[in-house]
Amino acid sequence: MSGEAAAAARGDDPPEPPAALGDPDTPASPSASRPVLAGRTVTLRPGRPGDTERLRAILAEPSVSRWWGEPGPAEELAAALRSDGPTVLLVVEIGGEVAGGIQYNEEDDPQYWHAGIDIYLADRFQGKGAGAEAVALLARFLFQHRGHHRLTIDPAADNDRAIRCYARVGFRPVGVMRAYERGPDGRFHDGLLMDMLAAELRCGL
């Protein structure tokens, strides 16, 4: 049962809507939920002015839009880069260049407490270990600083490259979710649910 469903069953009040986000062209500052995380070759950071159009261009690349669909309005992406939750989007930077986006969302019901991760990288950064490093950086942050004991990730069931990447970090297949997500072709496709417990994170990438 999802956190929202559990809250409804208990008769809790629905969560308050998020506060207004302010000027989307103002850079987001590091915070408890939007950190700066530096690895060997990858840095995860809050968004800055100019990141929105670069991220939209990456989302429009065929190797990315195949899984993510066509990018939405620039205003929505700019707002996502400033948001502190429930979904937090960070920029993946490699060699000082915007290489993609990585996001996490948290289930705040204490009975189901966990976080989910998703990531996309520009085509020229794929297949070089950057995705695994970025996911490991964010996973370590979620375990050590956000207090999670379990993380999930849900690639398309036929996205073999992504599945291998996540397995390298420590995620394990849980099961196939049939007709889970509507693809850019308008049809529903299977997804693979993977999860990882804190002790299973492989940091020596």
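**Entry 1: terms and model**

I took helices (H or I, at least four residues) and strands (E, at least two) as DSSP runs, numbered from the N terminus. I took axes as lines fitted to C-alpha atoms, for helices over the stretch in contact, with angles running from 0 to 180 degrees between N-to-C directions. I note that this is a predicted model, in which local features need pLDDT of at least 70 and side-chain atom pairs count only at pLDDT 80 or more, while totals for chains, interfaces and linings use all residues. Residues are numbered from 1 along each chain as its sequence is written, and side-chain values use heavy atoms, with hydrogens and water left out.

**Entry 2: α2 and α4**

I looked up helix α2 (residues 51-59) and helix α4 (residues 74-82), whose axes come within 9 Å and cross at roughly 115°. The two helices are therefore roughly perpendicular to each other (65 to 115 degrees). In the contact (heavy atoms within 4.5 Å), I found Asp-51, Thr-52, Glu-53, Leu-55, Arg-56 and Leu-59 of α2 with Ala-74, Leu-77, Ala-78 and Leu-81 of α4. I sorted these residues into six nonpolar, one polar and three charged. Here Ala, Val, Leu, Ile, Met, Phe, Trp, Tyr, Cys and Pro count as nonpolar, Asp, Glu, Lys and Arg as charged, and the others, Gly among them, as polar.

**Entry 3: α5 and α6**

I next looked up α5 and α6, whose axes come within 9 Å and cross at roughly 45°. These helices are therefore oblique to each other, a word for angles that are not under 35 degrees (roughly parallel), over 145 (roughly antiparallel) or 65 to 115. I found that Gly-131, Ala-132, Val-135 and Ala-136 in α5 meet Cys-165, Tyr-166, Arg-168 and Val-169 in α6. By class, this contact has six nonpolar, one polar and one charged residues.
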